[in-house]
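These are my notebook entries on one structure. I set down what I looked up, entry by entry.

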Amino acid sequence: MIAFLIRRLLQACIVMGVISLIGFSLRHTVGDPVREMYGMSVSAEVRAEARERLGLNDPIIVQYFRFLKNAVQGDLGNSLFYQKPALEVILSKAPATLELVFTSALLITLLSVPCGIYSAIHPRRLLSRIILGVSTVGVSVPVFFTALMCISLFSITLGWLPSFGRGELTPLFGGAWETGFLTWSGIKHLIMPSFALTSIMLPLFIRLVRAEMMEVLQMDYVKYARAKGLSERRIYWVHAFRNTLLPVITVGGVQLGILIAFTILTETVFNWKGLGGMFKEAVDRGDTSLLVAYMVVVGALFVVVNTVVDVIYGMVNPMVRVVGRK
Amino acid sequence: MTSMTPPSAAAPLLEVQHLEVSFPTKTKTLVAVRDVSFTLHRGERLGLVGESGAGKSITGFSILKLISRPGRISNGSILFEGRDLVPLSEQEMRPLRGDRISMIFQDPMMTLNPVLTIGTQMIETLLAHRRLSRREARDQAIETLRAVHIPSPEKRMDQYPHQFSGGMRQRIVIAIALLTRPSLIIADEPTTALDVTIQAEILDLLLELAEHEGMGLLLITHDLAVVSQVTDRVAVMYAGRIVEIGPTEQVVHAPQHPYTQGLLAALPQTHAGEPGTGRLAQIHGIMPSLYNTPPGCAFHPRCPVRIHACSETVPALRPCSQTGTLAACHLVE
């Protein structure tokens, strides 16, 4: 298991290296740092002096390693708009997004597993047909439409739920993390955005769980479990579900990363002050260094999530463990 | 045991009568097994032989009522220890499966669940049928693994199926079948997926243990050599029907039905020190599919000795005066 972990971490480092390379090249192709700093109205001498001072005349390799060295130390450059370190800006926005994504991921898991398994075991029942029908509609409606319809119904017509912002927040860890989980107002604000975000991925997961489960139910070992006289519960939940889980975990990990990216739309509609909203603003303002920093951080998040998923996969699948032991 | 002998003790262990299994499809109903009857006594070993698609596996699975949908038993009865299984519900069948009747599947690579340890898969079988503590169940499982000659069973209990070879896995499947001391074991092609060298080992093991426990064995196979090695009696199936049934010795040495004769002629005859000579005999044509079973005897289009009646009436199983076997052929006297 330890060898498996080490190998997995090594892979994660390589991926991070590639991401940093892309971030670095973006920074040097999209826009000119000197122009961004001084505008158009400075003399050629001042610009040349600035280029020299910023090290932009150094060989590209030297510049890359400088970028890498700074990045490893947590310095991803300064945001041009906020005039603060980009990482600091990102970290202040991250809790909002992470809480939103976490809530949605939880909802997706809790809903897709029972729905998928039920519709796999009883494909002909009315409830299964309803589940599949609704999920088809869900997957074809774009998220901003779902979000706007929710606002129109629950905020404007019924007045039950607030339509924007995060509500009352509680500072944690000396103010480094502001959570909306601990107040009723915070939770009320979370309901619609997380529902909107869930609606994108849930249909996919229901169908994934259902398809995998149906395939597993055809396997000989399920028939054999029946021939051993085991209870239906044990056949479905122990023999079939554990085998269903393996591919679902693999796909689920990748989708969790995509969920973070999808927050851009959701956060914009609900004016949710998180990474997605920040990204959109940074694009509008042409804040290149903040965009590059965002890319590196989200890339890192992807890698962390995938590594964790692989470790979980290794724990569920006995064959991975043995390979790792060698 | 004797004090609580059920009234059915005198009855045969298994009595299948006029079994018919059909698969309704949109256009027509396909009948996979027709009018199959046979009896299996306690401690007896019966072989069920035939080509793929002859209906032998479906017959085996229908005894446990585990036919894949939409297949169903459309006629006949299956008396197990005197009790008809056909009308029983799923709930009533469950205590019998894996307890009184165990099944061994064809491919040990596919029958054991890849994500559960073999210990889990053994213990769960015991716990499904017996009031035992986990500890007691584990001890019994280890004991049974030892009986099927798995070395250091205590250690092996916590391993996963992929850590065993094919032969070892089939031993484990046999051990699971034996755990509850069933009175009947249905073995569906138990050695087909194994290497030839392992086949003999597994057969010997199965034979030895079945004999030792006095269990009835229904051996489903396409391999006549296996049947003659293991069974007391044999039933030959063709296109869903039994065409010949009798003591193995008689059927193998004096086959009455032309199909059985053809099957035996197709076996390579190798005697010690003598290389096989010439071409093997073969039965021309293929077995008819369920969609277009010919009228009369299903074998008549391929039969070398057919007469006019063969294409008109289905021959009933009739006793053969010389051998005492039953054969479904118009020419048998």
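I recorded the conventions. Residues are numbered from 1 along each chain as its sequence is written, while chains are lettered from A and ligands numbered from 1 in the order in which they are written. This is a predicted model, in which local features need pLDDT of at least 70, side-chain atom pairs count only at pLDDT 80 or more, and totals for chains, interfaces and linings use all residues.

**Confidence.** The model scores ipTM 0.86 and pTM 0.77. Helix α4 (residues 118-129) of chain B has the highest mean pLDDT (94), and helix α8 (residues 196-213) of chain B the lowest (84). Over residues 1-8 of chain B, pLDDT stays under 50. Where pLDDT is low, the predicted coordinates should not be read in detail.

**Contact of the chains.** I counted residues in contact (C-beta atoms, placed from the backbone, within 7 Å). Chain A gives 19 residues and chain B gives 22 residues. On the side of chain A that touches chain B, α9(A) gives the most, with 6 residues. The residues of that side divide into 8 nonpolar, 5 polar and 6 charged. Here Ala, Val, Leu, Ile, Met, Phe, Trp, Tyr, Cys and Pro count as nonpolar, Asp, Glu, Lys and Arg as charged, and the others, Gly among them, as polar.

**Two helices of chain A.** I looked up helix α5 (residues 86-121) of chain A. Its axis and that of α10(A) come within 10 Å and cross at roughly 145°; axes are lines fitted to C-alpha atoms, for helices over the stretch in contact, and angles run from 0 to 180 degrees between N-to-C directions. Among the residues that make the contact are A:Leu100 of α5(A) and A:Phe241 of α10(A). The contact of α5(A) with α10(A) has 10 nonpolar, 3 polar and no charged residues.

**A covered helix.** Is helix α1 (residues 56-63) of chain B mostly covered or mostly exposed? I found 8 of its 8 residues buried (20 or more other C-beta atoms within 10 Å of a residue's own; exposed if 12 or fewer, partly exposed in between). The buried residues include B:Lys56 and B:Phe61. B:Lys65, which follows α1(B), has a positive phi, near 55°.

Conventions: Contact = placed C-beta atoms within 7 Å. Helix = DSSP H or I, 4+ residues; strand = E, 2+ residues; numbered from the N terminus. pLDDT = per-residue confidence, 0-100.
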